[in-house]
Amino acid sequence: VGVLVAHLIMKRYKEKTNQLGGHGSREGEIVLGDSWGTMVRMMIICLVIGALGGLLGVGGGSIMAPTLMELGASAVVVAPISSSLVLFSSSQAAVQYYLGGKLLPTYAIWLGAVNLLANYIGLYAVKRVVKKLGFTSFITFSLAILLVAAALFTVSFLVKNLLEHGFTPFPDYCSSK
């Protein structure tokens, strides 16, 4: 499947390059389809990010966003990709909880509705700020603040849990009682 997708991306890139007179990408876009080497590199990066996300228990967007920024993508390109990955991984987690009987449907519906409303408000606010300021670099800054805040909260909850319960490598539901 990966080879087929790579072939399609390279074909579209070549068509786009011919249409735009030799320039197949715009500023802030990551050029994927220029060679097989680039495609294989991106597949390996995505494989590593997926494995890290699965091992660490974080959504792929949390790891993919900084990686894409490092590869030269603009914040306007990275933000929706990151959001899509977070939606995908969160949906997978919700299905796993539901199948395990640990999901409260009423709670999930309320939380989803509030989240949807907050997303629309945030999208509206970002569009207004971009229009008013005329540049998008504050999106990069806000992503950085959110990642730092998430890291600080994670560490603080870890320390709190260690102080209250000590070091417990696995929760009780993993024991063979």
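These legends walk you through close-up views of a predicted model.

**View 1. Helices α1 and α2 cross each other.**
Start with helix α1, residues 2-19, and helix α2, residues 36-56. Their axes come within 10 Å and cross at roughly 135°. Angles over 145 degrees would count as roughly antiparallel and 65 to 115 as roughly perpendicular, so α1 and α2 are oblique to each other. The crossing in which α1 passes α2 is right-handed.

**View 2. A look at the residues where α1 meets α2.**
On the α1 side, the contact is made by Gly 2, Val 3, Ala 6, His 7, Ile 9 and Met 10. Helix α2 answers with Trp 36, Met 39 and Met 43. Sorted by class, this contact has 7 nonpolar and 2 polar residues, and no charged residues.

**View 3. The largest pocket and its centre.**
Now move to the largest pocket, which holds about 1700 Å³ of space. Its lining is made of 39 residues. To find the middle, look for Ser 83, Val 86, Leu 87, Asn 115 and Asn 119, the lining residues that lie nearest the centre of the pocket.

By class, the lining of the largest pocket has 23 nonpolar residues, along with 14 polar and 2 charged ones.

Key: Residues are numbered from 1 along each chain as its sequence is written. This is a predicted model: local features need pLDDT of at least 70, side-chain atom pairs count only at pLDDT 80 or more; totals for chains, interfaces and linings use all residues. Side-chain values use heavy atoms; hydrogens and water are left out. Axes are lines fitted to C-alpha atoms, for helices over the stretch in contact, and angles run from 0 to 180 degrees between N-to-C directions. Helices (H or I, at least four residues) and strands (E, at least two) are DSSP runs, numbered from the N terminus. Angles under 35 degrees count as roughly parallel, over 145 as roughly antiparallel, 65 to 115 as roughly perpendicular and the rest as oblique. A crossing is left-handed if the near helix is turned anticlockwise from the far one by less than a right angle, and right-handed if clockwise. Contact means heavy atoms within 4.5 Å. Ala, Val, Leu, Ile, Met, Phe, Trp, Tyr, Cys and Pro count as nonpolar, Asp, Glu, Lys and Arg as charged, and the others, Gly among them, as polar. On a 1 Å grid over the protein atoms alone, a cavity is a set of points where a 1.4 Å probe fits but cannot get out, and a pocket is an open set with protein on both sides within 12 Å along at least five of seven lines; lining residues have an atom within 4 Å of a point. Grid points are joined across faces, edges and corners, and a volume is the space filled by probe spheres set on the points.
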